Amino acid sequence: MLEFYEPQPDFGTPQSDSETLVTLTIDGISVTVPEGTSVMRAASEGGVKIPRLCATDSLKSFGSCRICLVEIEGRRGFPASCTTTVTEGMEVRTQSSEIGKLRRNVMELYISDHPLDCLTCPTNGDCELQDTAGEVGLRAVRYGFEGENHLVAEKDESNPYFTFDPSKCILCSRCVRACEEVQGTFALTIDGRGFDSKVSAGQAESFMESECVSCGACVDACPTATLTEKSIIELGKPEHSVVTTCAYCGVGCSFKAEMKGNEVVRMTPYKDGKANEGHACVKGRFAFGYTTHKDRITKPMIRESIDDPWREVSWDEAVSYTAERFKAIQAKYGRISIGAISSSRCTNEEVYLVQKMVRTGFGNNNIDTCARVCHSPTGFGLKTTLGESAGTQTFASVEKADVVIVMGANPTEAHPVFASRLKRRLREGAKLIVIDPRQIELVRSPHIVADYHLPVRPGTNVTVLNALAHVIVNEGLQAHDYIAERCETADFEKWVQFIADERHSPEHTEQFSGVPAADLRAAARLYATGGNGAIFYGLGVTEHSQGSTAVMGIANLAMLTGNLGRDGVGVNPLRGQNNVQGSCDMGSFPHELPGYRHVSNVATRQLFEREWGVTLDSEPGLRIPNMFDAAIDGDFKGLYCQGEDIAQSDPNTHHVEAALKAIECLVVQDIFLNETAKFAHVFLPGATFLEKDGTFTNAERRISRVRKTMPPLSGKADWEGTMALANALGCNMHYNHPSEIMDEIAKLTPTFSGVSYKKLDELGSIQWPCNDHTPAGTPIMHVDEFVRGKGFFAITEYVPTEERANRKFPLLLTTGRILSQYNVGAQTRRTSNSQWHAEDTLEIHPHDAEERGINHGDWVGIQSRVGQTVLHADVTSRVKPGVVYTTFHHPVSGANVITTDNSDWATNCPEYKVTAVQISKVTAPSSWQARQKSFDTQQLQLLEKARH
Amino acid sequence: METDPYQLIEGMTIAGLAVGANQGYIYLRSEYPVAHKILNKAIERATEAGFLGKNICNSNSDFFLEVRLGAGAYICGEETSLLESLEGKRGMVRAKPPLPAIEGLFGKPTVVNNVLTLGAAASILEQGSETYKDFGMGRSRGTLAVQLAGNVKRGGVIELAFGVTLREVVEDFGGGTYSGRPIRAIQMGGPLGAFLPASQWDTPLDYEAFAAIKAMIGHGGIVVFDDTVDMAAQARFAMEFCAVESCGKCTPCRIGATRGVEVIDRIVNNQDRDNNLILLTDLCDTMELGSLCAMGGMTPFPVRSALTYFAEDFSGESPREN
């Protein structure tokens, strides 16, 4: 959807959700709007533009600029149209000579303290002050420019992405209000009084030094050039824009890529995007520079061995070389000796093609996806209990929640745009229970205090979930009628027998989890009786040896309290990557065809066999960890890995590296020479989300369009690369556009049968299931009954992980993400986001640090049963004694050198969140880090040879 | 508050019972430490005696009272700024509607009244409404505590029934100027009140009568000036006061007041005088019609009255000499 650049429509004040309608006349035009609507908005809806400066429809009305004054029949003076709400029969005049004079005179005051440098101003042509001066007809500033002013106020250029130029500020407070109302960080304020008022970050700090999280809501809200993107200053105003979907986390924000030719000059969150409704974070809005980073590899490359230099070749040569080697490997080692890994960062269509290529071209089911290592337990746990492998709600549903449980997730860092929505609801008074080993930001932040923080010891989630259920059952707080009507009663009775047992009482589980029994009881009562209860969880739940058990425990809690099937409740996995949900939906698991249908099912197989014209293997293929094991055993020799950096992201790096070295033909398709590519024999250059068409599916099951803003730098989008390889392997794949792939998916997958690009363009986005019963999609699942029919209460016995702390490894390491970096950091490390997080550090409690003689900033060795790495220490009480924490955004950190092979019993999802370690003060990086560094240098040299 | 704090406590309790509120706040300027001490002590005693707190006088009704101190901002006398300040925020004016009675302190319905009103509530309930009504004239009933200040022989506070004329107050009670020179101007109602020339001194203290001459009674403060006063400087002071005390939220007040000072300076310096006089009038219109609250809206009152009745002081000739 190419559009010439134009600012997004702005109705001035937020929409009213009242159902009562009010009719009034504005300049003689009859307008009917919901009660509670402002006169300004009513006018906008009736097609009458009232000039304004301090009003914008993402913020509550404020009434400070005094430009939007109108006349209302029967009222004295000139009420501000933004703060005056409509009444039945009201007669409004928006223009008269008196109003005109008043507006002009107010504007004259503004401009008497504003530089007259419009022609050289970065927002020339895209400035509300400029537009409004035009609208009110300002022709002179009789005050002159000799008076007191702010024209020489100093610029703050500390933020890498935007500047703050107070000389251009009109004190409308839109930035301050956006920081409070939209983002919820409260980093900005107005300092001083009267004429001396000024916008101030933190306590008169620079933006970078302040609490500012660089979400950019202030920049978006600013009507002048005061807060302006540096890219706009450098490149000028965009000339066209393309609506697309963010390629970072699973929130799936909708953006307008604002372009000049093939260059992105700005990413602006799209107001009509239902996942984000006009908000964004520092990654999605600003961190797109990686897409044109000099490290991008844009030509296919091949080499015989990983000690050889790379050689740039044509796509044809790279593809036929790969096909020949794969065929030779299969001829020598058998049909199942090769496989592929699809990416949750790629589009649905691309993931679908990869699995199709494996099942039809490789002739086996050796296809797995990176969801294996994050949310595979969600798929298993929710499918088992509720019948569908997906979250149950829309994000907007949280606005109706009364009690929110956040478990093993850190939304303000990892899902910031959802976090802002959640924080807004919490500020309105919803209660909050945080279950997390760390004191995450939601536990205590401006205007937010968790009612209960249950600081669970890593690895014991199941005891906490069981104890919550135990309290609810034993205190008789369950939703009796709901359960009787909607759940399998025999299984429920069995489960009640199980859960009511004393071993699940909080007083008993406290010894395992470390969660005080009284807090846990109080939290259980709150969730069961506090109104609409919504659970949001993340990888802190799934990435455990009992990840699937914990997911089922969460579903049990929701069913037990009747908190499924309507607005404001539900069970919501926060997906890590942009298309985790989609990659799972698209059949990229070794046992499931698209739509979560088992490969052993004859009818399903026949359906696909008819369409694809091949015979499909009925045996599930290898999961990622099985592929590694088989590679080390010499049975698995060829791997096609698209858009995933297994060498950095998968656990037990030594093991992964050994496996990669054992593979004879490793094909990596990526935008950078990532850690995995350093072990590869074929490199196929990938395309970023800006370079291709497709769809992503976010954590709400929302399918949104990804739209091409520029041609792929390598000449092929990823789906085209896969198609070429598949055809070289003898498949018969011919798609002219990803929409044709989606048509095939819709034809073969009942939950997608109503999806098409045409409908996506019409509706903006669609939450699956979308079919004949729900042609516009399904915002909330399990409304009348569960997808599986009756809800199933699974028995969730606590089985302690084998990864235990002991005398030798007395501390438990857990891992997570930080706001500015994304996952393995391949993208964000190549942007200015690294100014916030240049390295991963180890968080350790002051008590544990002191025992080991560790000071803040010291090098510390982290030794686990499988490996050792070295990081700088961050001594902080965010973690409790006995627990240490790090992030994994930098390859050199080697976070996964220490994580183990333990994994979820049901899905093999690695147990990233629990590793027993010892910490000691050291003086230098570890031997692995030294090896990593030299290997890295060697591989980069081999790359350089290809390029010159 | 310093001499009879219980009248205020009683008045607030009555107000609380009347509207069903169980929490009251006295928002006191920090410049009155004695009143602060006395009020706190009085609240403590009233609470001990069962007149405040839980189940007051065994009535099954609760009413708690708390004194909160301001931080020196004039604007916090404006009710919505006062509420912001009470909430612990900057004293910034809120747009109305919603009125505080609908959505006030911490978003709850709030009655905001001044000490005079609440004090009067206690007297009215004690003495009956007829007694109260017997004082005053027209729609202005009861009494007013008039504060006589400035260049006046006998300054101080006098409680008077509405209806006496300004001249009676200043000349009879005040005894004329302290300097003994003729009175030239009287400002009534605080720093944003109009300057009244001799022709208006026979106006009775009555809200409607004052409004009719574009003046105001306000809090009853009277400042007397003798014939040495420079009314252009007084007009300038009004703008300057607004510039210093403006909360800075709305544009007419935030920028207008500063520009007002500059324009008056240009007028008295004879710089492009006629155009600047037009500009000053335009500015007064803009502030009066466009400001968010009465601070910016009333600053033009002293300015305009000085311009209208004492135009000769703006002539640009050297200031009046004495």
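## A parallel sheet in chain A

In chain A, strand E17 (residues 403-407) and strand E18 (residues 431-435) run parallel and are joined by five bridges. Within this pairing, A:Ile405 faces A:Ile433 of E18(A). The model described here is a predicted one.

The two strands belong to an open sheet of five strands in chain A, ordered E21-E18-E17-E22-E23 and paired in parallel.

## Overall form and domains of chain A

The secondary structure of chain A amounts to 30 helices and 37 strands. The chain has 948 residues, for which a compact globule would have a radius of gyration near 30 Å; the value for chain A is 29 Å, which agrees. The C-alpha trace of chain A spans about 90 × 70 × 65 Å along its principal axes. Of the 948 residues in chain A, 59% count as buried. Among the contacts in chain A with a separation of 6 or more, 72% are made by residues 24 or more positions apart.

According to the domain assignment, chain A consists of domain 1 (2-136), domain 2 (162-292), domain 3 (301-374 + 580-767), domain 4 (376-573) and domain 5 (811-937). A distance of 45 Å separates the C-alpha centres of domain 1 of chain A and domain 4 of chain A.

## A buried strand: E32 of chain A

Strand E32 (residues 811-816) of chain A has six of its six residues buried, so this strand is largely enclosed by the rest of the structure. Cover is found on both faces of E32(A): A:Leu811, A:Leu813 and A:Thr815 are buried on one side, and A:Leu812, A:Thr814 and A:Gly816 are buried on the other.

Which strands pair with E32(A), and in what sense? With strand E37 (residues 915-921) of chain A, E32(A) forms an antiparallel pairing over three bridges. In E37(A), A:Val917 stands opposite A:Leu811. With strand E36 (residues 883-887) of chain A, E32(A) runs parallel, and five bridges join the two. Here A:Leu813 has A:Val884 of E36(A) as its bridge partner.

## An antiparallel sheet in chain A

Another open sheet of chain A is made of three strands in the order E29-E30-E31, with antiparallel pairing. Strand E29 (694-697) and strand E31 (765-767) of chain A are the edge strands, each pairing on one side only. Neighbouring strands of this sheet are turned by 30 degrees against each other on average, direction ignored.

E29(A) and strand E30 (residues 702-706) of chain A run antiparallel and are joined by four bridges. One of the residues in this pairing is A:Gly694, whose bridge partner in E30(A) is A:Val706.

## Chain B

Chain B is divided into domain 1 (5-127), domain 2 (136-226) and domain 3 (231-314). The C-alpha centres of domain 1 of chain B and domain 2 of chain B are 28 Å apart.

Helix H1 (residues 5-19) of chain B contains B:Ala18. This residue, B:Ala18, counts as exposed because it has 10 C-beta neighbours inside 10 Å. Between B:Ala18 and B:Glu312 there are 294 residues of sequence separation and 53 Å in space, taken C-alpha to C-alpha.

## The contact between chains A and B

The contact draws 28 residues from chain A and 25 residues from chain B. On the side of chain B that touches chain A, helix H8 (231-245), helix H9 (251-254), helix H10 (256-268) and helix H11 (273-290) of chain B each supply at least two residues. H11(B) gives the largest share of that side, with six residues. By residue class, the side of chain B that touches chain A comprises 10 nonpolar, eight polar and seven charged residues.

Conventions:
Residues are numbered from 1 along each chain as its sequence is written. Chains are lettered from A and ligands numbered from 1 in the order in which they are written. This is a predicted model: local features need pLDDT of at least 70, side-chain atom pairs count only at pLDDT 80 or more; totals for chains, interfaces and linings use all residues. Domain bounds come from an automatic or database domain assignment. Two residues are in contact if their C-beta atoms, placed from the backbone, lie within 7 Å. Ala, Val, Leu, Ile, Met, Phe, Trp, Tyr, Cys and Pro count as nonpolar, Asp, Glu, Lys and Arg as charged, and the others, Gly among them, as polar. Two strands pair if DSSP finds at least two bridges between them. The radius of gyration is taken over C-alpha atoms; the globule rule is 2.2 Å times the number of residues to the power 0.38. A residue is buried if 20 or more other C-beta atoms lie within 10 Å of its own, exposed if 12 or fewer, and partly exposed in between; C-beta atoms are placed from the backbone. Axes are lines fitted to C-alpha atoms, for helices over the stretch in contact, and angles run from 0 to 180 degrees between N-to-C directions.
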